[in-house]
Amino acid sequence: MKNKIRVALLVGITACRQVPPAFGPNIPLARQNAEEFFYSIGSRFTNIQRPPRIIHARSQFGHYALTPSGVYNDTSVWLSIGPDSSRLFGNEGHFAYDRYVVIARLSNTPPDVLTESREIVRLRKLRSNEYEWFTNVDVALGRIGAKDIANVVTAAIQAGEGRSAAAIRADYTASFPRTAAALGRLFTIDTLSATPDNEGATTYELAIRLTPEILKASMPHYAAYIDKYIGKGKYRITLTDKTGAHWFDAWAANYYMHFRVRSKGGHLAPLEGTVRPMPEALTIHLDLSMKILIFTVGWTDMVGEFNVIDTPHERGWAMRFAKEPEWRLPPTVGYLLKSSLRRPFQDQGIPVRISIRDNPGSQTLLNRRGTLVVEESGIVRFLNRLSGTAVGDFLGPSEREANRFNADLFRALRIDVSTLLQ
């Protein structure tokens, strides 16, 4: 899913040559902001060097994500024990010469140098079979303002309004040749339409096909992972308001990803009806299913709060899932008690927050944090074995190739945008 969201964002950002100037109030600052932004993100995927302790910790976190008792007392993982007996792990990274160097360290100091990152993982035991995970990640992005990021998104959406799909395609391939080539190894824009209406708005419909058969020539392990786990998976993401109006719709199946949005003046509008400002409080609906080993698992109708963060110095989204979805589970586990599946959605639910926050005079930070409470049981152990299999298949050669793909992509974006801002 992360790949799908990233591609939708990148296609939007690189839609037209009019978008790069939105990175700053003037061309010199736009060039500097874009350079730092893409350089910092791309650096985090470049030749990552992790010591054995971090490699081991990441593997254990993936293997015991839903059964934390298996890692809670592993002294080879944790760096510290908190006053409430919580287990703490942390790392920080920075780019040095030709590689991204990550070390194990606990720090409460936010990154203050371009490319630096900090991550904290906390595991707290609530009861004999209940545990709470908390993660917080900060990444330095340079001196770009949160408002500038919002302006880039607005410019990207507005750039296609009133233009034909053919004109948008031609502009993209001519203005962003390196980005198009980097993306083209895995993604092909199959359908692109921009339809104006009587409200003066434009509805965009985009279909992107995953092409692991092309990627395998240069990144065979990553291509095989996508073919095994991602390409055949199914998902749907929908944003609605309290009236039931749809503001965003994305779905995927059989190697295709589809996106549908409507905008006017660079601002999203409801997919049907009268144009009006998007409310800050929305509802997110998630459906997901995928096949792991011989089992198909997933859910339908996972509903959560979706709040837009829009302040002078911060832009982002805050979500909270407090309603148990309808689970899709194989018949072989139907006899197991399912009450533990409700536990993550009780109390505070599952909060997830993603934002870009600037602080004049210091680094702008991309922040991601979330909390998950799990109750161990037979059915959760079964799901953990499946998720651990998928994570285990990714760590190693697949992840190294995925990182190289991302590094190539952000390097291409950095060069293309810089060229347009000369």
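Analyst: Setting aside residues up to four places away in sequence, Asn-33 touches Phe-23, Gly-24, Arg-143, Ile-144 and Asp-148, where contact means heavy atoms within 4.5 Å. The model is predicted, so local features need pLDDT of at least 70 and side-chain atom pairs count only at pLDDT 80 or more, while totals for chains, interfaces and linings use all residues. Residues are numbered from 1 along each chain as its sequence is written, and side-chain values use heavy atoms, leaving out hydrogens and water.

User: What makes helix 2 and helix 11 roughly parallel or roughly antiparallel?

Analyst: Their axes, lines fitted to C-alpha atoms over the stretch in contact, with angles from 0 to 180 degrees between N-to-C directions, cross at roughly 170° and come within 8 Å. Angles under 35 degrees count as roughly parallel, over 145 as roughly antiparallel, 65 to 115 as roughly perpendicular and the rest as oblique. Helix 2 and helix 11 are therefore roughly antiparallel. Helices are DSSP runs (H or I, at least four residues), numbered from the N terminus.

User: How do you know whether Ala-223 is buried or exposed?

Analyst: The relative accessible area of Ala-223 is 2%, so this residue is buried. Ala-223 lies in helix 9 (residues 220-230). Apart from neighbours within four places in sequence, Ala-223 is in contact with Pro-212, Leu-215 and Lys-216.

Notes:
Helix = DSSP H or I, 4+ residues; strand = E, 2+ residues; numbered from the N terminus. Buried < 20%, exposed > 50% of the residue type's maximum accessible area, 1.4 Å probe, protein only.
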